[in-house]
Amino acid sequence: MGKVTFTILRFDPEKDKKPHYQDYEVEIRRPGMMVLDGLNQIRWEQDGTLAYRRSCREGVCGSDALNINGVNRLGCITHLEDLKTPVVIQPLPSMPLIKDLIVDLNDFQDKFFLCKPFLIPKKPLPDLEQLQSPEDRRKLDGLYECILCASCSSSCPSYWADPEYLGPSALLNIWRFVVDSRDVGADERLQLLNDRHGVWRCHTILNCIEACPKGLNPTQAIGGLKKALVSAKF
Amino acid sequence: MKAYQPKRHYRWHPGFVVWVLHRLSGLGLAGYLILHIWVLSHLMRGEAEFKRVMDTFESPLIRLMEIGLLGLVLFHGLNGIRIVLMDYGPMANKESYVKYLAVTFIAIVVLFLIGGAAMLQTLLIN
């Protein structure tokens with residue numbers, strides 16, 4: 001059924017001083033092949049040294065976020081047929097490289113945990129579950145679906161420029177708890193954000209909404225946080 | 001040992017291009033502001049000195065550049081309003097932001113043509 005060329009950024013910290021690109025031929029064996037299928041074919045049949053993250057292969061775990069033809073996407077849900085050839089695959093931009101397509105996500109995850117990604121409930125706790133009206137529940141749509149793949153944050157020029165900026169992903173997750181009617185930790189969360197490394201570093205460049213593979217809207221979430229901070233002040 | 005990637009870049013899409021232009025026009029306006037204050041500071045050294053400086057800015061080339069300044073002000077101002085609305089309204093949206101961008105640009109071009117034509121007319125008459 002034809003072949004597709006993959007141009008992949010390679011970097012082996014034990015051998016290479018700096019990253020380089022290597023070409024591979026991937027055979028199209030069935031319709032509907034994804035980029036991840038191509039990477040698996042290379043690793044399993046051609047070059048066992050190629051390193052990349054993967055897990056669920058259906059766009060839920062967020063492990064295989066890659067920069068494919070200049071755009072951040074999930075390898076497992078990106079159709080090879082939709083891409084221009086050669087398919088250029090790079091690790092997520094701006095993140096420190098560990099090996100090949102694997103980047104260091106420690107800083108990204110630290111920022112996520114900094115935003116207290118858990119429900120801070122009203123005390124005393126109710127005896128049974130905490131109920132929420134359907135309207136309040138609907139406010140969480142488009143927020144709770146974040147899979148922490150780092151596509152948005154690594155596409156953001158503000159995130160590249162300011163190592164202390166929390167980034168679109170962490171901010172979206174803060175907003176997810178601030179709008180939750182069961183959560184009472186809004187104030188302590190908002191306190192984290194009201195400086196130049198917090199929400200005000202967002203310049204609405206919109207790379208994050210272009211990048212998000214789940215179709216979420218971090219810019220709007222950050223807008224919500226900005227509004228909450230302004231209305232808390234006045 | 002970790003390595004840093006050779007380049008940090010991302011696909012150029014309308015939102016990104018406009019952000020770059022907004023930054024550049026901001027730099028241009030900051031440069032103009034410094035020049036403006038420098039010229040005005042000559043007022044402290046008396047009328048003759050101020051007149052001498054102002055005369056150098058009366059050349060047709062500088063007047064032509066003033067039309068460009070109008071363009072910078074219009075772009076930076078109106079696009080700034082768009083950015084504020086994007087922060088505080090529901091305009092940050094993958095499907096519709098290009099539409100709002102188009103409206104902003106039409107407004108900028110229309111105002112620039114009206115203002116620029118008037119400025120050009122005074123330039124040609126004098």
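The model is predicted: local features need pLDDT of at least 70 and side-chain atom pairs count only at pLDDT 80 or more, whereas totals for chains, interfaces and linings use all residues. Residues are numbered from 1 along each chain as its sequence is written, chains are lettered from A and ligands numbered from 1 in the order in which they are written, and side-chain values use heavy atoms, with hydrogens and water left out.

**The domains of chain A**

Begin by selecting residues 3-103 of chain A, which form domain 1, and then residues 106-231, which form domain 2; such bounds come from an automatic or database domain assignment. The C-alpha centres of these two domains of chain A are 29 Å apart.

Next, display the boundary between them. Domain 1 of chain A places 13 residues in contact with 13 residues of domain 2, contact meaning heavy atoms within 4.5 Å. The two domains of chain A bury about 920 Å² between them, 62% of it from carbon and sulfur atoms; buried area is the accessible area (1.4 Å probe) that two parts lose on being put together, summed over both.

Select N72(A), S94(A) and M95(A): together they supply 41% of the area that domain 1 of chain A buries against domain 2, more than any other three residues.

Across this boundary in chain A there are zero salt bridges, a salt bridge being a side-chain nitrogen of Lys or Arg within 4 Å of a carboxyl oxygen of Asp or Glu. Strands (E, at least two residues) and helices (H or I, at least four) are DSSP runs, numbered from the N terminus.

**Where chain B meets chain A**

Now show both chains. The contact draws on 38 residues of chain A and 25 residues of chain B. Between the chains about 3,000 Å² is buried, with 57% given by carbon and sulfur atoms.

Two salt bridges link chain B and chain A. To view a salt bridge here, select E210(A) and R11(B), whose closest N and O atoms are 2.6 Å apart. Finally, colour α1 (14-40) and α3 (60-88) of chain B, the elements that give two or more residues to the side of chain B that touches chain A.
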